[in-house]
Every structure is written in structure tokens, then in C-alpha cells.
Amino acid sequence: MKNKGLILVFVVLGFAFTKLPITPLPEGFVYVEDYIPDLDVELRYFTEHNFVGHKIDGYHANKLILTKEAAIALQKVQEALRSQNLCLKVYDGYRPQQAVNHFVAWAKNLEDTITKREFYPEVPKQHLFSEGYIASKSGHSRGSTIDLTITDGDTGEPLDMGGDYDFFGEQSWLSYAHISKVQQQNRHLLQTVMQAHNFRNYPKEWWHFTLRWEPFPDTYFDFPVE
């Protein structure tokens, strides 16, 4: 009887420590780490360091997901930068529609301005929709849009782009002129290497790029990041 009891305990413990299988990604999507193992990924919406101020719906892991085509193109960008002792750092890729809905609900709550000083000091929160910073649909949900920067290959520190990620204001625009020559050069480098591999930029966000000829141009997905 004692042996049977021990066997039962081990069976229960085995179930407790068995890793549950992850739901397969929809066809056409991949985990980017399978293509770029050394990529620095810091999904801001999986953390509390973002313009909402807490973790965002749909982000269950720090896992970068993109369409296969976008991942392959990004792999080529990383290879091009390695030759200059530089690397990529990614802040967001595929974004579930539920996360976008979370942003919309936050933007409508005009009483919540905890992150205003850091992320939108000069833009009234009620204007975030009209000025294009928040929308009910996002290209990220189509799987071929990515937010990223360039880092130093030795230190891992991001290059100075003259503005922080997800800052809502003119400082994030490509046309913004009141930055140093070095900051302008860094932005130009990012634009050049991304464009060379078929990514186009959104001019109000220096970090935001979408793959040309993306495979799902009209489909907005909602599976979680996990």
C-alpha cells in the first residue's frame, strides 16, 4: 500500500510539473526567435513601462510573433547591422486586437493621466484619437508591423534617436528637426536599413515599420501573445 501511495504522489507531481502545450500559431505566423535567436526583445506591453501604465490585455509572454515574411525580412536587417557591430532591439510586433481595445478604453478614460508626464506631456488626452496616436485598428494586428530601434553591439545600449519609444508628440516625427546631428544620423541609419529590406516607416513614429506587400493586409488577428 505504501508503494502504491508513493506511485500516486509521483504521478501527481508529474502532472504538476508537466509543461502544458502552447496553442499553435495561426498559419503564416512564426516565433521570431526561431529565425533570429540573438534578437533583443522587450515587449513593452508585457510590462508596466508603457503609456497605459500596466500590462496590456493579450500579452502573456515576452515572445515576439510576426508573419513568416516579416520575420525573414527582419533577419536580413539584423544580419546587415551585425556587420557594423550593431543589433536590433524590438519593443512590439504582432499585437492582438484585444490589446488595441485596451488602448481605446484607456484613451477614453480622461481621468487616468498617470503616464502623461512621460509619454504625452504636450498632447491633451482627449486629442490622442484625432491626432492619430490611438486608433480602433492597428497594423500591428495584421502581423507584419514592428516597433524597434538599434543597439550598440558591445554594450547592448540603444542608440540615441532623439526621443523615446511611444512618445506621443512631434519629437517622434521623422520630420522633427530639433535634434542633434548624431541623433539625426541614427534615425537615418534605422530608416535606411529597414527600407533596404522592404519595411516602410510611419512618419509620426521613428520606430514604427510595416513590411511592404504584407501577407494579411486586410485581416486583424486576436490570438494572444504566449
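β6 (199–201) and β7 (208–211) pair in the antiparallel sense over three bridges. Helices (H or I, at least four residues) and strands (E, at least two) are DSSP runs, numbered from the N terminus, and two strands pair if DSSP finds at least two bridges between them. This is a predicted model, where local features need pLDDT of at least 70, side-chain atom pairs count only at pLDDT 80 or more, and totals for chains, interfaces and linings use all residues. Residues are numbered from 1 along each chain as its sequence is written, and side-chain values use heavy atoms, leaving out hydrogens and water.

Back to the strands. β6 and β7 form a hairpin with six residues between them, and asparagine 201 stands opposite phenylalanine 209 in β7. β7 also runs antiparallel to β5, joined by three bridges; threonine 145 has threonine 210 of β7 as its bridge partner.

Which way do the β7 residues point? His208 and Thr210 point one way, Phe209 and Leu211 the other, and all are buried (under 20% relative accessible area, 1.4 Å probe, protein chains only).

Next, α5. Its buried residues, among them Leu190 and Val193, pack against α2 (68–82), β5, β6 and β7, with contact meaning heavy atoms within 4.5 Å.

Last, aspartate 166, in the loop between β5 (145–152) and α5 (181–195). Leaving aside neighbours within four places in sequence, aspartate 166 is in contact with Tyr45, Phe51, Phe119 and Trp207. With tyrosine 45, the aspartate 166 side chain makes a side-chain polar contact at 2.4 Å.

Note on methods:
Polar contact = N/O pair within 3.5 Å; in protein donor to acceptor, adjacent residues only side chain to side chain. Buried < 20%, exposed > 50% of the residue type's maximum accessible area, 1.4 Å probe, protein only.
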